[in-house]
Amino acid sequence: MDVVAHTLWAAAGAAAVHRRRPLSRGTVAAALVLAALPDVMHLLPIAAWWALGEGSLAAVRGYALASPGQEPWLPAIVELWSHHLHCVMHSAPIAALATLLAWGVRRSFWFPLLGWWSHIVIDVFTHSADYYAVPVLYPFTERGFDGLAWTTPWFMVLNYAGLAAVGVWLVTVRKRSDDP
């Protein structure tokens with residue numbers, strides 16, 4: 001799924017939770033950042049190559065918007081770092097380890113981690129083997145589930161229609177409960 005949709009779904013989820021249990025703005029902001037982060041992190045080595053090396057903004061943009069097999073040429077080390085950051089940020093075992101570490105420090109579940117978890121779960125089913133299959137069990141394997149490519153036009157329409165419907169529902173239900 002695209003990074004905008006991930007962030008919007010996380011926002012809808014936070015809004016729904018906030019109706020039952022107050023969430024601070026910082027908590028919601030952290031959840032939204034963590035919902036977007038997996039798709040941003042793997043661009044950092046490419047952006048660093050552009051900022052500090054021989055890369056170009058066109059290469060960063062080309063990589064961010066490319067279809068599999070259509071990515072621009074990258075130096076081997078940049079490609080390696082980008083690939084492994086993508087794997088790390090889409091890994092359930094790594095997210096579980098981060099969740100356990102946060103639990104150990106806080107002695108409770110840290111709500112913003114649901115943004116990251118939602119990203120992983122959604123991507124497992126919305127990436128096909130041909131379109132960046134998500135290595136959900138990395139580092140044990142880099143294989144991914146062959147789901148439906150989120151770039152499929154009818155799915156993109158359905159996804160954003162679903163987001164719009166949830167948004168309307170959240171606004172409508174809120175207004176109804178606010179009325180005397």
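I count a charge as sitting over a ring if NZ of Lys or CZ of Arg is within 6 Å of the ring centre and within 35 degrees of the ring normal. I found the charged end of R19 over the ring of W169, 5.5 Å from its centre.

I noted the sources. The model is predicted, so local features need pLDDT of at least 70 and side-chain atom pairs pLDDT 80 or more, while totals for chains, interfaces and linings use all residues. Residues are numbered from 1 along each chain, and side-chain values use heavy atoms, without hydrogens and water.

Next I looked up ring pairs. Rings of Phe, Tyr and Trp (its six-membered ring) pair if their centres lie within 6.5 Å; planes under 30 degrees apart are stacked, over 60 edge-to-face, and the rest tilted. By this rule I get three aromatic pairs. One of them is F125 with F145, edge-to-face because the planes stand at 70 degrees, with centres 5.5 Å apart. F125 is in helix 7 (residues 113-125) and F145 in the loop between helix 7 and helix 8 (153-178), so the pair ties together parts 20 residues apart in sequence. Helices here are DSSP runs (H or I, at least four residues), numbered from the N terminus.

I then checked W154 and F155: their ring planes are at 85 degrees and their centres 6.2 Å apart, so this pair is also edge-to-face. Is F155 buried or exposed? F155 is buried, at 15% relative accessibility, whereas W154 is exposed at 54%. I used under 20% relative accessible area for buried, over 50% for exposed and in between for partly exposed (1.4 Å probe, protein chains only).

Definitions and conventions. Helices (H or I, at least four residues) and strands (E, at least two) are DSSP runs, numbered from the N terminus.
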